[in-house]
Amino acid sequence: MIINGPNLNLLGKREPGIYGDVSFETYLESLKKRDGVEVDYFQSNVEGEIINKLHEVGFSFDGIILNAGGYTHTSVSISDAIAAISVPVIEVHLSNVYAREEYRHHSLLAKNCKGVISGFGLESYSLALDYFVRIK
Ligand code: DQA
């Protein structure tokens, strides 16, 4: 399951110098072409909807790839939801958050995640998917 948080619906249009000019829907097609892998996708700009989705899939799916956008740096509730579920979560970011503003250097989510992948553009999602495919 891939979950994208706020403003990631604008990928391709939003600050293309940082986030690239390809929409997530276009990139998702290439992820879905992988043999033997079923990829579901959910995007929301609403914190509670992200939490509801984590609860919904968090006891049955093989893995969750989460880009919580700005909520990464602010949301105690998303962090608690990750701790509450049993499915492993990989935190991903398109940009290298450590090369950006200081407020992006800290993640409230990371300590409850399996790991963090940051800075590889859309390939961050592919790298996370590789992990789940290999360990399954
Ligand atoms: C982001 C990084 C966050 O700091 C930012 O708020 C985003 C996108 C990334 O994918 O690089 O919305 O998660």
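**A ligand in its pocket, and a cavity**

Let's start with the ligand, which sits in the second largest pocket. Keep in mind as you look around that this is a predicted model.

Who are the ligand's neighbours? The residues that surround the ligand are R14, Y19, N67, G69, G70, H73, H93, L94, S95, V97 and R104. Sorted by class, this shell holds six polar residues, three nonpolar ones and two charged ones.

Now look at some of the side chains that reach oxygen atoms of the ligand. S95 places a polar side-chain atom 2.6 Å from a ligand oxygen. In the side chain of N67, an N or O atom is 2.8 Å from an oxygen atom of the ligand. R104 also takes part, with a polar side-chain atom 2.9 Å from a ligand oxygen. How much of the ligand does the protein bury? On its own, the ligand would expose 320 Å², and the protein buries 97% of that.

Searching the whole structure turns up one cavity of 30 Å³ or more. The largest cavity has about 30 Å³ of space. Its lining is made up of T72, H73, E91, H93, V97, Y98, R104, H105, H106, S107 and V116. By class, that lining comprises three nonpolar, six polar and two charged residues.

Terms used
Residues are numbered from 1 along each chain as its sequence is written. This is a predicted model: local features need pLDDT of at least 70, side-chain atom pairs count only at pLDDT 80 or more; totals for chains, interfaces and linings use all residues. Side-chain values use heavy atoms; hydrogens and water are left out. On a 1 Å grid over the protein atoms alone, a cavity is a set of points where a 1.4 Å probe fits but cannot get out, and a pocket is an open set with protein on both sides within 12 Å along at least five of seven lines; lining residues have an atom within 4 Å of a point. Grid points are joined across faces, edges and corners, and a volume is the space filled by probe spheres set on the points. Ala, Val, Leu, Ile, Met, Phe, Trp, Tyr, Cys and Pro count as nonpolar, Asp, Glu, Lys and Arg as charged, and the others, Gly among them, as polar. A residue is near a molecule or strand if one of its heavy atoms lies within 4 Å of it. A polar contact is a pair of N or O atoms within 3.5 Å; within protein, one must be able to donate a hydrogen and the other to accept it, and residues adjacent in sequence count only if both atoms are side-chain atoms. Accessible areas come from the Shrake-Rupley method with a 1.4 Å probe; for residues, only the protein chains shown count as cover. A molecule sits in a cavity or pocket if more than half of its atoms lie within 2 Å of its grid points.
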